[in-house]
Amino acid sequence: MAGINGITDEILLEARKQAEDIIAGAKVSADAVREKARADSLVLRENRAGEAARQADILRSRARSQSSLLRRQALLSAKQEIIESVIEKAYDRLSGLDDDAYFDILGRLLKKAVRPEAGELCLSAGDLERLPADFAAAAAAIAREAGGSLTVSPEAAPIDNGFILKYGGIEENCSLRALFSSMKDQLQDKVNAALW
């Protein structure tokens, strides 16, 4: 788990840097909008004295509102992109772990998902190719602890990674992509809290 924390810390550091760069860019854009509004208001003052002053105030107010809105929208969009990027990088790093670490994580996921009944564990084609010799026995032991039984299917599941549990006619998709999708809101909240 320490490796995942290190990976997460590295991703968060990179995301913070990206966020700072995006915020700096948004500030520059907001300043440019304000400068343009100031320039427009000076021209109006010269041409229309009293009316120009009133119009300039209106334009400045609108420009400030527009600038503020654009900045908030840019920041929100940037934050969302960074959060999604961080989550995708975490997914990629988890998918790319070495065999021992990867199957250790699958074992921990299996402990949470296994049911006290007879079932079948279906892995992706790539995971079947790199399956450690002792994983089927470890999966069966996990199922026994939960009061059930589990066999590893020799046929590949149509997923990239993780596993599918089959109990009778019911399938539970425990692929990493499905787990990340089901926890998307929680992951976004955690990344958001860590970055901002």
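The predicted model contains an open sheet of four strands, ordered β2-β1-β3-β4 with mixed pairing (strands are DSSP runs of E of at least two residues, helices runs of H or I of at least four, both numbered from the N terminus; two strands pair if DSSP finds at least two bridges between them). At its edges lie β2 (149-152) and β4 (170-174), each of which pairs on one side only. From one strand to the next, the twist averages 25°. Strand β3 (residues 163-167) joins β4 through five bridges in the antiparallel sense, and here Tyr167 stands opposite Ile170.

Helix α2 packs on this sheet and touches β1 (118-123), β2, β3 and β4, contact meaning heavy atoms within 4.5 Å. The direction of α2 makes about 30° with that of β3 (axes are lines fitted to C-alpha atoms, for helices over the stretch in contact, and angles run from 0 to 180 degrees between N-to-C directions). Helix α4 (residues 135-145), in turn, lies across β1 and β2 and runs at about 160° to β2.

Residues are numbered from 1 along each chain as its sequence is written. Local features need pLDDT of at least 70 and side-chain atom pairs 80 or more, while totals for chains, interfaces and linings use all residues, and side-chain values use heavy atoms, without hydrogens and water.
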